[in-house]
Amino acid sequence: MRTVLLPWASAAVFLLATVTVSGNEALEGVLQLQMINFNFEVVQVTWNASQYSGTNLTFLYKLTSDETHSQCSNYILQQSRTAGCLLEAKEDEILCFSIWNGTRLLLKKCQWISAYLKPSSPKDLNFQWHQEAITVTCSDLPYKRLLYEIQYKSMFDTEWQSKEGETCNVTTDGLDAEKCYFFRARVKTMESSYGPDTYPSDWSEVIHQQKGELRDSCQEKKLFPKFILVSGMVALLTVSLLLLSLWKVRRVKKLLMPSVPDPKFTFPGLFESHQGNFQEWIKDTQNVVPLNKMEGAEHDCGPEEALVVHLATAEAEMPIMTTGPSCPQTEEEEASGDPSQLPGRPLQGGRGGETVCLGGFTFVMSDNSYVML
């Protein structure tokens, strides 16, 4: 039987062949095939041999440039059983192959290898920044009708953004050069030329770019300490301004409404004993003279600090002083026998005056007298 194949640029037709076992044997089913043409360099054909466990299937093939069929020389093994074959390729050719189980034919097929093309990944990506745009370039593959896809995202993006071009010279707009971006690229085939069964290439290595320079990585933690520093400074400034405003308000309040001291602590007894009557309190306190009692019932008439007695004008001209019996002498004064210490006559408090003993002297004080310590 003669098979007629369409050109590879037209729509590829996948022929799935099934083989029915003759005689009394039941139908064994269909082999599931997968073909991948790696950049017109290596063609990989694999099959599902689960129905033929324990059996080594034989793969025979012939390319357009070959004269005869050849058996696979580079099998793919799975559990020590043949599960595929790797073939060398140089250009787009028609591959005719068959799979045998011993002497029994299981599958036979012919197909353009370009219908299962998987291009190689882009290499040596170059980046050129133009303000808010970047142009990504690389070497084009030796065959046409391809799409070069460039994907990018920043540290703050969750999904990749894509831009495509028919050549590896793709320009992307709307970027911020201050941000760090991730870039990657791959190659796809045009379905109108290669059909629906092709595979996109693997993604290239991810490249990091920032401010037109290549980066080892985009680390978000580099911005984190700066954010913490700025936030801390703002918080500190806010607290400082709040405290300053409170202090200012308190100071203004003190100037507008000064505090009035409580007389309860300045004048003891004014409210407890006299119910706030200042006249009664002053009369009661100015007549009180504290006296320190000494052991042996002797009075200490000589405080260490100097005492000044101010009398009324009429009485100040004739001060009356004495060291008489009203102020008892100490034992040292009696023993010294100083003639200057003569017993004086007792003082008579005139006009309701009272006798006060201070510093070894006796004074007669009236209501108009006061004592300054």
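Before counting anything, I took contact to mean heavy atoms within 4.5 Å. With that in hand, I found that among contacts in the chain between residues at least 6 apart in sequence, 60% join residues at least 24 apart. A reminder to myself: this is a predicted model.

**Entry 1: the whole chain.** I noted six helices and 21 strands. Of the 373 residues in the chain, 30% are buried. I also wrote down the accessible surface, which comes to about 26000 Å², with 54% of that belonging to carbon and sulfur atoms.

**Entry 2: the core.** Which residues have the most contacts inside the largest nonpolar core? I got Val43, Val45, Phe59, Leu95, Phe97 and Phe183, in a core of 47 residues. I then picked Phe97 and set aside its neighbours within four places in sequence.

Entry 3: I traced five strands in the order 5-6-2-1-9, with mixed pairing. Strand 5 (75–78) and strand 9 (117–118) are the edges, as each pairs on one side only. Inside this sheet I looked at strand 2 (residues 42–47) and strand 6 (residues 81–88), which are antiparallel and share five bridges. Val45 turned up again here, with Cys85 of strand 6 as its bridge partner.

**Entry 4: strand 11.** Is strand 11 (residues 133–137) mostly covered or mostly open? I found it mostly covered, with five of its five residues buried. In a regular strand, side chains alternate between the two faces of the sheet. I checked that here: Ala133, Thr135 and Thr137 point one way, Ile134 and Val136 the other way, and all are buried.

Next I listed its partners. Strand 10 (residues 126–130) runs antiparallel to strand 11 and is joined to it by five bridges; Gln128 stands opposite Thr135. The hairpin of these two strands has two residues between them, and there Gln131 takes a positive phi near 55 degrees. Strand 14 (residues 169–172) also pairs with strand 11 in the antiparallel sense, over four bridges, and Val170 in strand 14 is the bridge partner of Val136.

**Entry 5: strand 15.** I counted eight buried residues out of nine in strand 15 (residues 181–189), so I logged it as mostly covered, with buried meaning under 20% relative accessible area. Strand 12 (residues 146–154) is antiparallel to it, with nine bridges, and Ser154 stands opposite Tyr181. Strand 16 pairs with strand 15 in the antiparallel sense too, over three bridges. Phe183, which I had noted in the core, has Ile207 of strand 16 as its bridge partner.

**Entry 6: Ser204.** I found Ser204 in the loop between helix 1 (191–194) and strand 16 (207–210). Why does Ser204 count as buried? Its relative accessibility is 9%, and the cut-off for buried is under 20%. Apart from neighbours within four places in sequence, Ser204 is in contact with Pro122, Leu125, Arg184 and Ala185.

Entry 7: Last, I looked at Leu237, Leu241, Leu244 and Trp247, which make a nonpolar surface patch of about 420 Å². Trp247 is found in helix 2 (residues 224–256) and is partly exposed, with a relative accessible area of 45%.

Methods:
Residues numbered from 1 in each chain as written. Predicted model: local features only at pLDDT ≥ 70, side-chain atom pairs only at ≥ 80, totals over all residues. Heavy atoms only, no water. Patch = residues over 30% accessible without salt bridge, like charges linked within 9 Å, V, L, I, M, F, W, Y side chains within 5 Å. Areas by Shrake-Rupley, 256 points an atom, 1.4 Å probe, with all protein chains shown as cover. Salt bridge = Lys/Arg side-chain N within 4 Å of Asp/Glu carboxyl O. Buried < 20%, exposed > 50% of the residue type's maximum accessible area, 1.4 Å probe, protein only. Core = buried A, V, L, I, M, F, W, Y, C linked by side-chain atoms within 4.5 Å. Pairing = 2+ DSSP bridges.
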